[in-house]
Amino acid sequence: MATQQILLGLGGVSAVEVNASSTTNVVLATVFGSDWGSDVEKIYNVPSGVTIGGTGSAAAIVVSSGMAGTLVINVSGTVIGTGGSRGSGGAGSTNTPGASGGNGGPGRDAISVASSGVTINNNSGGQISGGGGGGGGGGAGARSGAFIFLYTGGSGGLGGYGAGYNQSATNGASGSAGSHPNAGSGGAGGNGGSLGSAGSNGSQGNAAAGSSSFNGTPGFYGSGGAAGKAISNAGASWTNGTTSGTYHGSYT
């Protein structure tokens with residue numbers, strides 16, 4: 001559980017400081033409560049050995065809108081966003097064109113900033129990492145045909161997962177063979193992105209072998225998901241203080 005201390009000056013409360021413990025999906029307006037809208041200095045520390053992770057579509061740490069005063073975030077531990085979902089493979093069928101692969105999901109940001117007056121220090125040993133994008137799915141292979149017979153093209157492979165707090169990066173899967181030697185095989189899924197990197201596109205499905213007016217066309221590939229950012233502008237700019245820690249993804 002996070003610990004909070006009130007720092008008193010001559011005129012009363014001068015600062016509110018919170019030391020985080022390992023948790024997920026932090027919303028700083030909730031952490032600071034009524035002090036969020038008060039004109040006092042707020043300090044949020046992520047100590048060494050502490051990990052703040054994202055598990056959904058929001059950033060791992062959300063600097064909410066509506067803040068008064070100033071905020072300093074000191075990262076000596078790890079803040080890491082959600083990894084992107086994998087794209088689906090195009091299902092094999094006798095349709096033409098074959099089904100396209102699904103797009104990989106985007107990686108999510110580590111810290112998003114929606115209020116001004118924020119300074120973020122990534123101290124030596126700290127890490128602020130956006131999630132990797134998921135890989136795109138492979139397209140379905142083309143059907144083949146011979147007179148009145150149609151043969152199903154192979155299914156595209158699944159894309160890989162993007163790296164993040166919730167999962168490790170994985171490679172895309174191979175597509176499957178068609179139901180006949182002449183039917184096209186499915187395209188491979190793209191690999192999931194490493195922390196702060198986009199996922200790879202899947203591969204287009206393969207054409208049918210042989211010449212026949214009944215042959216179809218293969219499915220298109222799914223696109224890789226976008227990279228999550230280390231720090232993102234969600235309506236307000238911020239100040240980079242110490243930048244001696246590790247970043248994965250953009251933070252400018």
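Q: Which residues does Thr-24 touch, not counting residues up to four places away in sequence?
A: In this predicted model, Thr-24 has its place in strand S3, which covers residues 23-24. Leaving out residues up to four places away in sequence, the residues that Thr-24 touches are Gly-53, Thr-55 and Tyr-165.

Q: How far apart in space are Thr-24 and Trp-36, C-alpha to C-alpha?
A: Thr-24 belongs to strand S3, and Trp-36 is 12 residues from Thr-24 in sequence. Taken in space from C-alpha to C-alpha, the distance between Thr-24 and Trp-36 is 20 Å.

Q: Is Ser-144 buried or exposed?
A: Ser-144 is placed in strand S13, residues 144-146, and its contacts beyond four places in sequence include Phe-149, Tyr-151, His-180 and Phe-214. A residue counts as buried when its relative accessible area is under 20%. Because the relative accessibility of Ser-144 is 2%, this residue counts as buried.

Q: What is the phi of Asn-25, which is not a glycine?
A: Asn-25 sits in the loop between S3 and strand S4 (26-27), where it is partly exposed with a relative accessible area of 35%. Most residues other than glycine have a negative phi. Asn-25, although not a glycine, has a positive phi of about 55°.

Q: Where does Pro-97 lie, the residue reached by the peptide bond from Thr-96?
A: Most peptide bonds are trans. The bond from Thr-96 to Pro-97, however, is cis, with omega near -5°. As for its place in the chain, Pro-97 lies in the loop between strand S9 (78-80) and strand S10 (111-113).

Q: What radius of gyration does the protein have, and what would a compact globule of 252 residues have?
A: The C-alpha atoms of the protein fill a box of roughly 90 × 30 × 30 Å along the principal axes. A compact globule of 252 residues would have a radius of gyration near 18 Å, whereas the protein has 24 Å.

Q: How many strands does the protein have?
A: Of the contacts with a separation of 6 or more, 73% are accounted for by residues 24 or more positions apart. In secondary structure, the protein has one helix, and its strands number 17.

Technical notes:
Residues numbered from 1 in each chain as written. Predicted model: local features only at pLDDT ≥ 70, side-chain atom pairs only at ≥ 80, totals over all residues. Heavy atoms only, no water. Helix = DSSP H or I, 4+ residues; strand = E, 2+ residues; numbered from the N terminus. Rg over C-alpha atoms; globule rule 2.2 N^0.38 Å. Contact = heavy atoms within 4.5 Å. Buried < 20%, exposed > 50% of the residue type's maximum accessible area, 1.4 Å probe, protein only.
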